[in-house]
Amino acid sequence: MRLLAAEDLHATVAFLGACGEARALAAWRALAEQRHPPIEATAAGWRAMGSPERPSAYALVPGMGRGTLERLIGRWREPALEAAGLPRDRRPPLAHITLTRPPRRRAAALKPAMDRWLRTAPVPDHPVRFEELALYTWAEERSRRLFRIVERRPFSAVGSA
């Protein structure tokens with residue numbers, strides 16, 4: 001399993017995929033005027049993400065703050081995807097923070113052990129504060145971190161430069 005670095009932990013508003021820099025920046029600019037107060041959240045439990053047979057990730061799902069996060073994702077995701085020229089995401093928003101990913105070729109083999117772990121792993125009890133919007137891309141050197149932040153701005157000043 002590959003644990004994500006602490007700096008890589010985030011809740012995704014809109015997954016842009018390999019859309020290219022210009023389209024990603026268009027999505028970023030589409031959210032320039034959005035504002036929101038910081039959101040405090042606590043973890044409710046663990047969840048396997050992706051295919052039930054071959055999960056692609058394991059994440060924490062919020063308890064307190066989940067509804068607010070999911071409403072924010074629902075409100076901000078569509079303008080970002082549209083600006084990037086990407087298709088609408090028809091899935092309902094699901095607030096989560098991915099913590100680990102299995103190797104693609106071993107995801108199915110690791111599933112039984114991960115299912116046991118999901119049932120017994122303690123859930124962190126300290127609150128987390130979501131207070132900024134960031135545009136992520138892949139890290140150039142991925143041995144330590146998977147992502148790097150291209151741009152970031154506080155929720156309360158999302159329109160500022």
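Trainee: What is the relative accessible area of Glu40?

Mentor: Start with the place of Glu40, which is strand E2. Strands (E, at least two residues) and helices (H or I, at least four) are DSSP runs, numbered from the N terminus. Buried means under 20% relative accessible area, exposed means over 50%, and partly exposed falls in between, with a 1.4 Å probe and protein chains only. Glu40 counts as partly exposed, because its relative accessible area is 42%.

Trainee: What kind of model is this?

Mentor: Residues are numbered from 1 along each chain as its sequence is written, and side-chain values use heavy atoms, with hydrogens and water left out. Local features need pLDDT of at least 70, side-chain atom pairs count only at pLDDT 80 or more, and totals for chains, interfaces and linings use all residues: this is a predicted model.

Trainee: Which residues does Glu40 contact, leaving aside neighbours within four places in sequence?

Mentor: Contact means heavy atoms within 4.5 Å. Arg71 is 31 residues from Glu40 in sequence, and their C-alpha atoms are 14 Å apart. The contacts of Glu40, leaving aside neighbours within four places, are Met64, Gly65, Pro127, Val128 and Arg129.

Trainee: What pattern does the protein follow along the sequence?

Mentor: Count the elements. There are three helices and eight strands. Read in sequence order, they give β-α-β-β-β-α-β-α-β-β-β.

Trainee: What is the radius of gyration of the protein?

Mentor: This value is taken over C-alpha atoms, and the globule rule is 2.2 Å times the number of residues to the power 0.38. For 161 residues the rule gives 15 Å, and the protein's value is close to that, so the protein is as compact as a globular protein of that length, at 16 Å.

Trainee: Which elements do the buried residues of H1 pack against?

Mentor: Four residues in H1 are buried: Ala24, Ala26, Ala27 and Trp28. The buried residues of H1 pack against H2, E7 and strand E8 (147-154).

Trainee: How far apart are the C-alpha atoms of Trp28 and Glu151?

Mentor: Trp28 is buried, with a relative accessible area of 8%. Its contacts, leaving aside neighbours within four places, include Leu133, Leu135 and Glu151. Trp28 and Glu151 are 123 residues apart along the chain, and their C-alpha atoms are separated by 8.4 Å.

Trainee: Is Arg77 buried or exposed, and what is its relative accessible area?

Mentor: Arg77 has its place in helix H2. Arg77 touches Val13, Ala14, Asp89, Arg91, Pro92 and Pro93, not counting residues up to four places away. Arg77 is buried, because its relative accessible area is 9%.

Trainee: What is the relative accessible area of Glu132?

Mentor: Glu132 is found in strand E7. Outside four places in sequence, Glu132 contacts Arg152, Arg153, Pro154 and Phe155. Glu132 is partly exposed, with a relative accessible area of 37%.

Trainee: How far apart in space are Ser56 and Thr100, C-alpha to C-alpha?

Mentor: Ser56 lies in strand E4. Ser56 counts as partly exposed, at 38% relative accessibility. Ser56 and Thr100 are 44 residues apart in sequence, and the C-alpha to C-alpha distance is 8.9 Å.

Trainee: How far apart do the centres of the positive and negative side chains lie?

Mentor: Lys and Arg count as positive, Asp and Glu as negative; His and the chain ends are not counted. Each charge is placed at NZ of Lys, CZ of Arg, CG of Asp or CD of Glu. The protein has 27 positive and 17 negative side chains, and the two centres lie apart by 6 Å.
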